[in-house]
Each structure stands twice: as structure tokens, then as C-alpha cells.
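Trainee: Please pick one part of this model and take me through it closely, then show how the parts around it are held together.

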Amino acid sequence: MKEPLVPVVPMSHTAHIRSHRKPRRSATSSIAMRAGVTGGVLSMAAAGASASANAAEPVTQTIELPTLTADLSAQVAQSAAATQQAAANYELRAERDAAAAKAAAEAKKDLAEAKKKAEAKKKAAEAARKAAAERATRSAERATLSASASASVSTSTSVSAPASGSVATVISFLKAQLGDAYVMGATGPNAWDCSSLVQAAYKQVGVDLPRVSQDQSMAGTDVPLSSIQVGDILYWGGKGSAYHVGVYIGNGQYLDAANPSKGVVIQDLSGYPASGAVRVL
């Protein structure tokens, strides 16, 4: 069976080429496009505004940075000031503690010194009381010796030849002055220098001696130191220029008004050998 024939329709030679003419758009499509364009423009404007805002933020941060830095500097300065003040307070407290410790030490030292002075004052008062008692005893002895010497002088026919026992009277008088003070130029009754004591002792038996040691070394008869006797006058220095005198009391000892630190004492002749001796009794 034969296939049916299809009629052939002649085609144009340009039918296969697409037309370059744009299809017409409906009013609805035009309106939609315009709206889209307008929305896109607005979106772009908003995006631009947003981008501008985002771009402005770093500028704002850059402007605020100095303010933040100044605040931080102020905080650091305040912290440093607080630290410095705390250190000053600690230093002040340490100084106060040191001052208090020093004051306590000084107070303790002052208290000890006060106690020491009080003790010394007490001892001085006791020594003064004892010395006063001894002086009273010596005064009584002097009165007795003076009465004895007066009786001896009244019975003597010559001052240069005292009565028997006159040496003992001289020695007794000298020993009664033990403990008296040494004062240059003093002549008794409680303070002497070396020559005034010797002069006063021999005056008890009627022998008038010169006042000073230089002249006393020239009185009487010279005696060798190897032959001295109790009652002889000892001198130190040259004859006629002696600077010190005392009286020999026996047993290698002499009695003298020594110096301000010792006063009237008994000393060993071996410790301070005399230069010479004279005898007036």
C-alpha cells in the first residue's frame, strides 16, 4: 500500500534566519521593568549609603582614639600617683617607727643615767656624812693636842728645844688630818697644801717654820736620807728650791698633803723617794 503524499509548501529563502526585530512588550511588562529599574537604583543608593556609613566608621574610631588614649594615660598617672603616695606613707611610717625606737632607747638610757646619778648622789651623801663624823673626831683630837702643846710650850725654856714627847705630838696632829682635802694655798682646818700642813704640825710644839716648801727645806739641820728619824721633814727638789714637803712617820712611810686627787694621806717612801731631809726637833 502506498504512503499518502504530503503536499510540499514552498518556503522563503530567509525563513531559517531569526528575525532581529524585538517583540513588543506589553504595558504590564514595561511597568514591571521600570519598577525594577527604579528598585535597583534605590537599592544601589541604599547600598551606597550603607557603604558610605561603613566607610565613615573608621574615621569615627580614629577621631575617638586620642580620647581613649588620654583616658588611659590619666588612669596610668593616677595609678602611679597612688603607688608613689603609698610608698611615701610606708616611708613615713618607717621613719616614725625608727623615731619611736630611738626615743625609747634614749628614755631607757636617761633612766639608767638617772639611776646612776641617784646612786652616786647617795654614795656622796654617805661619804659626806662619814667625813663630817671623822672631822668632828679630828676636831676633838686637835683640841686635845692644842691643849697639850700649850702646856708643853709654857714649861719649855726654849722654842728650839721643845719638851720631851713633842715629836709624838707632831705625828698625832698630822694623823688627825688624814682625809682632809688638798687645796693650793689653804691653811686648814679641813684643807691644806703640803707646806701649810707641815707648818701647822710643828706649830703645835712651838716651832715656827716658814710658810713655803722652798724655805722649809732650808730650816733646821740637814740629815742624810739613810739616817732619817720620825719627825724629820722630807723635801722633794733642790735644797732651797723644793716643790714639795712631808713628814717622816717611820716604817718607810711619810705623811703629806699630796695633791687634789689624794688629799692628806700616808705613802710609802719607796714609791716616791725624797730628795733630802732636815731635822727641826
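**Strand S6 and its surroundings**

Mentor: Between strands S6 and S7 the hairpin has 6 residues, and Gly-263 takes a positive phi near 75 degrees there. Strands here are DSSP runs of E with at least two residues, and helices are runs of H or I with at least four, both numbered from the N terminus. The model is predicted: local features need pLDDT of at least 70 and side-chain atom pairs count only at pLDDT 80 or more, while totals for chains, interfaces and linings use all residues. Residues are numbered from 1 along each chain as its sequence is written, and side-chain values use heavy atoms, with hydrogens and water left out.

S6 is the part to look at. Of the 5 residues in this strand (residues 253–257), 4 are buried, so S6 is largely enclosed by the rest of the structure. Buried means under 20% relative accessible area, exposed over 50%, and partly exposed in between, with a 1.4 Å probe and protein chains only.

S6 pairs with two strands (pairing requires at least two DSSP bridges). With S7 (residues 264–268) S6 runs antiparallel through 5 bridges, and Leu-255 stands opposite Ile-266 in S7. With S5 (residues 244–250) S6 is also antiparallel, joined by 3 bridges. Gly-250 has Gln-253 in S6 as its bridge partner. The hairpin of S5 and S6 leaves 2 residues between the strands, and Asn-251 in that turn has a positive phi of about 55 degrees.

Next comes the packing. A nonpolar core is a set of buried Ala, Val, Leu, Ile, Met, Phe, Trp, Tyr and Cys residues joined through side-chain atoms within 4.5 Å. The largest one has 27 residues, and those with the most contacts inside it are Leu-174, Leu-197, Tyr-202, Leu-209 and Ile-233. At least two residues of this core come from each of helix H2 (166–176), H3, S4, S5 and S6. The biggest share is that of H3, with 6 residues. Leaving aside residues up to four places away in sequence, Leu-174 touches Leu-197, Ala-201, Val-247 and Leu-255, where contact means heavy atoms within 4.5 Å. There is also a second, separate core of 9 residues, including Ile-228, Tyr-248, Tyr-254 and Ala-277.

Then the charged pairs. A salt bridge is counted when a side-chain nitrogen of Lys or Arg lies within 4 Å of a carboxyl oxygen of Asp or Glu; the count comes to 3.

Asp-193 and Arg-211 form one of them, with the closest N and O atoms 3.0 Å apart. Asp-193 sits in the loop between strand S2 (191–192) and helix H3 (194–203), and Arg-211 in the loop between H3 and helix H4 (213–216), so the pair ties together parts 18 residues apart in sequence. Asp-193 is buried at 4% relative accessibility, whereas Arg-211 is partly exposed at 27%.

Asp-222 and Lys-239 meet at 2.5 Å, N to O. Asp-222 lies in strand S3 (residues 221–223) and Lys-239 in the loop between strand S4 (233–236) and S5, so this pair links parts 17 residues apart in sequence. Asp-222 is partly exposed at 46%, and Lys-239 is partly exposed at 37%.

Arg-279 and Asp-232 have their closest N and O atoms 2.8 Å apart. Arg-279 is in strand S8 (residues 276–279) and Asp-232 in the loop between S3 and S4, so the parts tied together are 47 residues apart in sequence. Arg-279 is partly exposed at 24%, while Asp-232 is buried at 2%.
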